[in-house]
2 protein chains.
Amino acid sequence: MIVVVALNPALDVTHQLGHVDWAGVNRPDAVHARPGGKGPNVARVLRTLGADVLLAGLAGGHTGNELKAALAAAHVPAVFADIAGETRRTFAIVDSGRAQTAMFNEPGPLVSEEEFAAFTVLFGEAVARSSAVVMSGSLPPGLPASTYADLITMAAEAGVPALLDTSGDALRLGVAARPAIVKPNLAELEALAGRPLPTACAVAAAAADLRAHGADAVVVTLGSDGLLTVTGEDSWHAWPEPVIGNPTGAGDAAAAALAHGLVAGTPWADRVRRAAALAAATVAAPVAGEYAPADYERALASVRVTSWEQSCR
Amino acid sequence: MIVVVALNPALDVTHQLGHVDWAGVNRPDAVHARPGGKGPNVARVLRTLGADVLLAGLAGGHTGNELKAALAAAHVPAVFADIAGETRRTFAIVDSGRAQTAMFNEPGPLVSEEEFAAFTVLFGEAVARSSAVVMSGSLPPGLPASTYADLITMAAEAGVPALLDTSGDALRLGVAARPAIVKPNLAELEALAGRPLPTACAVAAAAADLRAHGADAVVVTLGSDGLLTVTGEDSWHAWPEPVIGNPTGAGDAAAAALAHGLVAGTPWADRVRRAAALAAATVAAPVAGEYAPADYERALASVRVTSWEQSCR
């Protein structure tokens, strides 16, 4: 079983319109509400990949109840510690006439020490039955930046490897707790490195630096340029054919594929190929965080994977 | 007690931002969720006026629960018949940098005959204890256009006068059921008359026509031009000093003031003065459907009320 942590999940509400009046009253053609936030996205992709998955998170209020019901409807097993605050919403306004989307992400609820302590009990029980843990996304207000590091340490004490996908201090402190894989995107890696990384060699050097600080393997997602991976043994660049679509959730699909490969012990060259293909298939799908199996098969056939070692020397 | 009907209430979610990126990711500075839709707005204003009020409506799903909790927090007594569908949300994006607001109004849930029958039981019990009924807003999908007419007839059989504030066929059929007051805005009256009403005399003639079709009194809200009222005895034009602000909910404030005056038996000249002043105070308030008592007092002193009778002859 793979445990996916969701400390700051969301209910994603999408309004679809043919043409938006930004200064007037609009009546959406269609309204969708679905589980959102990086953790739920990763869990849904893992379910679609056929993995045994358990989402473990924090939820509260009416929106928290709606999130739980939406996860049950999507057949994603989940356990939540209750919080007094209200789970956040995100609103997406899709303007199909202008081919643009505006996102409005509410801040997360304040989480108390006691609420997080109740979560760690659930987490400990889940980890004891798991073969990997995925930690994705931002931390809600009230939790210290060391939160993911503490959870990685808890998992390590149970002999369970962790994949970390976050940013800022939570990423920096998490790396020091020695996760099996960290998966920053380019902007997150640049923020951590404190400098722009204009070339693939600069990215590879910054990724190697994260390894030196504790991560066992580093996978950097580069948008349409695919994935750059640095492990203890080798480095790989995987890039798919260009895909037009909605990049939201592509990083979560890559995280899901990497966790899946981690549990299966898939060789790295194949692992990054699958991650890049799954991310590309997610971009091609109309709904963020979902993909069509045929798109995945097609992307899998077209991804190019090259060993990176020699290129920077 | 005044019963306020809310067949299609909403949870109003407002995001406030300094500058909106309509093609990107936004993080709102503030998020508010409050009871919305015309019925809840009227009920809140009546509460602030000191009236004994009961909101009677239809609500369902997680958003319905959130609406009920928000009404309780606002100290608005309410009874709801449960529906299987999900209560709608409205979503307002306030862009303070551009001084503009985009509204996104979700469609209402489908209501079944059985669900409406359960509502009429609640409504009948409430009306038996009331001195007036207010019916405001659109009907949710599934309910026939004769719905308000049927409720007005139920109230009349209990000897209780009704105020109707709706549009289209629901207004046309409702007028025939002989409500005490109908309160269309200019656009609604023009739609019903089937012609533009470019002058105050044309508005007064169309209002008189609604009286001929069954309404006892007609109050037309004209935005910054105030209110034009035609009763069986006299006609009045009430207009406030110009106010800059948010006109959302001004019509609901006028409806609340008119219902309040109906119950108190306030003479019409004073009734329209109060309605115009309350609408103006609502425009001046930052949050739709609320007002500051000092703004109301100031507006009350400045509203001009003129008898209309002679002007069109």
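Predicted model: local features only at pLDDT ≥ 70, side-chain atom pairs only at ≥ 80, totals over all residues.

How many bridges join strand β2 (residues 10–17) of chain B to β4(B), and do these strands run parallel or antiparallel?

Modeller: Seven bridges join β2(B) to β4(B), and the two strands run antiparallel. Residues are numbered from 1 along each chain as its sequence is written, while chains are lettered from A and ligands numbered from 1 in the order in which they are written.

Strands (E, at least two residues) and helices (H or I, at least four residues) are DSSP runs, numbered from the N terminus. Two strands pair if DSSP finds at least two bridges between them.

Now zoom out to the whole sheet. It is an open sheet of five strands in the order β3(A)-β8(B)-β7(B)-β2(B)-β4(B), with mixed pairing. β3 of chain A and β4 (30–36) of chain B stand at the edges with a single partner strand each, so one side of each has no neighbour in the sheet. Helix α2 (residues 61–73) of chain B packs on the sheet, touching β2, β4 and β7 (88–95) of chain B, and its direction makes about 90 degrees with that of β4(B). That angle is taken between N-to-C directions, on a scale from 0 to 180 degrees, using lines fitted to C-alpha atoms (for helices, over the stretch in contact).

Chain A has strands to trace as well. Eight bridges join β2 (residues 10–17) of chain A to β7(A), and this pair runs parallel; A:A10, for instance, is bridged to A:R88. β7(A) then pairs with β8(A) in the antiparallel sense over six bridges, with A:V94 opposite A:T101. Four residues lie between the strands of this hairpin, and A:A99 takes a positive phi near 55 degrees there. Seven of the eight residues of β7(A) are buried, so the rest of the structure largely encloses this strand. (Buried means 20 or more other C-beta atoms, placed from the backbone, within 10 Å of the residue's own; exposed means 12 or fewer, and partly exposed is in between.)

Next comes the crossing between chains. Two bridges join β8(A) to β3 (residues 25–26) of chain B, and these strands run parallel. There, A:F104 has B:N26 as its bridge partner. The contact takes 23 residues from chain A and 23 residues from chain B, where two residues touch if their C-beta atoms, placed from the backbone, lie within 7 Å. On chain A's side, β8(A) gives the most, with five residues. And 100% of the interface residues of chain A are interface residues in chain B too, so the copies meet through the same surface.

How do the copies relate?
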